[in-house]
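Subject: Structure handover

Hello,

Here is the structure I promised to pass on. Please open it next to this email and follow along.

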Amino acid sequence: MKKYPFFFLIMLAGLWMQCSTEGVFQQRLILRYNAPASVWEETLPLGNGRIGMMPDGGIDTEHIVLNDITMWSGSEDSEAFNPDAITYLPEIRELLLAGKNLDAQKLMYSYFRCGGKGSSHGSGKDAPYGAFQTLGDLDVNYSYPRTGSYPPSGGVIGAYERTLSLNDAVAATQFNRDGITYTREYFASHADDVLVIRLTADRKESLSFEVKLSRPERATVSVKDNILYMEGQLNDGHDGEKGVRFLTQLEIVNNGGTLASSTNSLSLSGADEAVILISNATDMLDKERLTTYSGYAGELLTRARNTQYNRLKNSHVDVYREKFDRVELNLGKQDNITPTNERLIRFQRDDDPALAALYFQYGRYLMICGTREDNLPLNLQGLWANQVQTPWNGDYHLNINLQMNYWPAEVCNLSELHRALTDFTVSLVPSGEKTAQTFYGAEGWVAHMMTNPWKFTAPGEHASWGATNTGGAWLCQHLWEHYAFTQDKTYLKSIYPVLAGAADFFLSSMIREPKQGWLVTAPSSSPENGFYLPGSREAVYVCMGPTMDVQIIKELFSNILSAAEILGIDDVTTAKIRETIPRLPPMQISPDGYLQEWLEDYEEVDPQHRHVSHLYGLHPSNQISPVTTPDLAEAARKTLDRRGDAGTGWSRAWKVNFWARLHDGDRAYKLLKSLLEPAYGSEVKMSSGGGTYPNLFCAHPPFQIDGNFGGTAGIAEMLIQSQDGYIHLLPALPSAWADGSFKGLCVRGGAEVDAAWKDGKITQLTLRARTGNTFQLKVPDQAMAIKKNGKELPVENGFVPVGMTAREELELEVVYPG
Ligand code: FUC
């Protein structure tokens, strides 16, 4: 190897650091704490999309919560398809047509609901519905060498730090105890599919600890040949044998010291170094795996045991970085010294732009670590749970929450991870068809307000939230968006029948409302808000044609027509859709100037309700825009003012996206700030306490991961938009982010964009086409022209058409006056 003088290397390192603060290289992105976690919401999440762990970094004892995304109790529930419900449907509809919503609702509560126990109001862990559950707990008891000082083993602790590097998905705990520095590194390998913890000390023979595995219920722990086993079977909810079975294996690979075992623990004493390896598998997705689940857990462990720690770590980092490094966001120099919990508190005063960038990248980190193509989608907890009865069963709520989890997938350059959701949607179809037939005598497929890995698609047991029947259709938006960003026609062809099936349900089940003759869903509800009928103070939820349903159906219909055109399809469904679109209700503005949430201008039970369902048309759909529908945009603005800026974590996150779509950067920023309000406590609250925990997990409260992804998507919406057929750079840039840069954000039509700006003006712009296409670029505000190779490009109505071939990279110059 050529030898470089030392000073040259120093210069290179200096240059690298300088560049890295200027955004040319990925910034160092670190979550840092100066004490062990005292509650779970301070622990640091690690994961590889299938398994995960959250260590608390304790000094004498360490508690590490373990997770597997397939740890679901329950099993398929044929009782959910309630055969009697349909006999009440004509009467419910008659009552709705006569304006007797309250009577219709009473019938719904009693009869038009899933059969069986449904979700058991979020206590479903022992019911067929089931719950996403923690895998268990790893507890480590450390003992430390005697120091010889007086008093002996003083246990003086110094230089404690606990970190999570977003750059390489590795967490670390380090401290000095009585003069010895102890270091622990933790990661959930993206390459070898095991959990890894390495312990070292800077003095030989200083490492001694005992490890135990446990679980609050349904687990047996044993030891054989110095391997710790934890195995069990979850409740299938039917007193049967169908529950998910799991097997965890743990092994210590030691350098020096003595390894010993008891009936339920392993211990090591006086070692120089140790690596704890944990593997886990369940039989939920066995059919798709080559081996059985128990064989798989053993295989993973054997492979990891035979691999050097550094190789394990390097290959993990390589696989992870391939995704993480696709996107950069630089809003200022990162402060990697101040503890993250303090930065979070200070953010309310100092507006540290770099913290917003860290939060954005944390959302991408959580997506890369929480989901993967071949497994279940991220649930309400993502992949991370510390309970066996998680809040709301840790399931898949389809009236905002599951969808929000995947909002960043495309724009944040993690398109392949969207497949977890799109494949899951496809898997709901057979159950959804049965639900359409059983409850409505309708064609196609439908999913209501919530689902689980057992493909629950029936109406929920409580009509106030369970009646919404556009859950599946909302998921179909994601099927289309994946195409819009990738332009993958083979994929589009494969999902076309799913879109068409969702449309068939509405085409065959909507009824004609009497006043205007519009076609509407009935019965339905506007998630989860109620209203008063004139002259009554009783809350009503059940209605016909809530605005959100109409918007979702319109979008589904128009996506199908676009897909049909691309694929050259012209069939009965497309013909019916063309006929039906003009018969759907329009969006209506109330006499007070709000966008109406329901067909009628009812008074809401809770004007500040966390759901803002009728603005689905503003975001995630594009039916309301300040450019194309200014009146509706103004009504949306008024609606948001009336709803207020508070709410649960995910509600605040959605509002960041709304204001970004209204091109109001400072208001979007205000909402982002409220999303980042420091939160404590894990008690369920429905209208207060939303914000962000010390580990940057979103607080509903309790912890619910959707707000993290909604926040990340919201930041992306502030920087780039492409929903209206053109690329809009910095559409909602807040004054707090006057200077910055990003790399690798994606737009519909199939391109990546890099941009830098100063005082809000674009100073650098690069487009990278993934597919050959013509991209319409909106001339940025205040700009005069856009140049390519020094030559001005022609402008058509404020847009510059940029034709590109696949994989072409283009540098453009934005010219401002002066
Ligand atoms: C819906 C929301 C709640 C919560 C729950 C998981 O019911 O209204 O706020 O997010 O899902």
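First, a term you will need: two strands pair if DSSP finds at least two bridges between them. Keep in mind as well that this is a predicted model.

Start with strands β14 and β15. Strand β14 covers residues 258-261 and strand β15 covers residues 265-271. They run antiparallel, and 4 bridges join them. Leu 259 has Leu 268 in β15 as its bridge partner. The link between β14 and β15 is a hairpin of 3 residues.

Strand β15 also pairs with β10, which spans residues 207-214. That pairing is antiparallel too, over 5 bridges. Look at Leu 268 again: in β15, it is the bridge partner of Phe 209.

**The sheet of 9 strands**

Next, find the open sheet of 9 strands. The order is β1-β6-β7-β8-β9-β16-β13-β12-β11, and the pairing is antiparallel. Which strands stand at the edges? They are β1 (30-33) and β11 (220-224). Each has a single partner strand, so one side of each is left without a neighbour in the sheet. On average, neighbouring strands of this sheet are turned by 15° against each other, direction ignored.

Inside this sheet, look at β8 (residues 180-188) and β9 (residues 195-201). They run antiparallel and are joined by 7 bridges. Arg 184 stands opposite Leu 199 in β9. While you are there, remember a general point: in a regular strand the side chains alternate between the two faces of the sheet.

The loop between β8 and β9 holds Asp 193. Asp 193 is not a glycine, yet its phi is positive, at about 60°.

The order here is β17-β28-β29-β30-β35-β32-β33, with antiparallel pairing. The edge strands are β17 (328-330) and β33 (791-792), and each pairs on one side only.

Strands β28 (residues 740-747) and β29 (residues 751-758) pair in the antiparallel sense over 6 bridges. Val 747 stands opposite Ala 751 in β29.

Now move to strand β30 (residues 761-769) and pick out Arg 768, which lies in it. What does Arg 768 touch, leaving out residues up to four places away in sequence? Its contacts are Lys 743, Gly 744, Gly 750, Ala 751, Glu 752, Asp 754, Met 804, Glu 808 and Glu 809. With the side chain of Asp 754, the side chain of Arg 768 makes a polar contact of 2.8 Å. Met 804 is 36 residues from Arg 768 along the chain, and their C-alpha atoms are separated by 8.5 Å.

**The ligand**

Which residues surround the ligand? They are Leu 380, Trp 392, His 397, Asn 401, Met 449, Glu 528, Arg 610, His 611, Trp 650, Met 686, His 700 and Gln 704. This shell divides into 5 nonpolar, 5 polar and 2 charged residues.

- Glu 528: an N or O atom in its side chain is 2.6 Å from an oxygen atom of the ligand.
- Trp 650: a polar side-chain atom lies 2.9 Å from an oxygen atom of the ligand.
- Gln 704: an N or O atom in its side chain is 2.9 Å from an oxygen atom of the ligand.

How much of the ligand does the protein bury? Taken alone, the ligand exposes 290 Å², and the protein buries 98% of that.

**Two cis peptide bonds**

Most peptide bonds are trans. One runs from Ala 522 to Pro 523, with omega near 0°. Pro 523 is found in the loop between β21 (519-520) and β22 (531-532). Another runs from His 700 to Pro 701, with omega near -10°. Pro 701 has its place in the loop between β25 (698-699) and α20 (706-719). You have met His 700 already: it is one of the residues around the ligand.

Over to you. Take it one part at a time.

Best wishes

Definitions and conventions
Residues are numbered from 1 along each chain as its sequence is written. This is a predicted model: local features need pLDDT of at least 70, side-chain atom pairs count only at pLDDT 80 or more; totals for chains, interfaces and linings use all residues. Side-chain values use heavy atoms; hydrogens and water are left out. A residue is near a molecule or strand if one of its heavy atoms lies within 4 Å of it. A polar contact is a pair of N or O atoms within 3.5 Å; within protein, one must be able to donate a hydrogen and the other to accept it, and residues adjacent in sequence count only if both atoms are side-chain atoms. Accessible areas come from the Shrake-Rupley method with a 1.4 Å probe; for residues, only the protein chains shown count as cover. Ala, Val, Leu, Ile, Met, Phe, Trp, Tyr, Cys and Pro count as nonpolar, Asp, Glu, Lys and Arg as charged, and the others, Gly among them, as polar. Axes are lines fitted to C-alpha atoms, for helices over the stretch in contact, and angles run from 0 to 180 degrees between N-to-C directions. Contact means heavy atoms within 4.5 Å.
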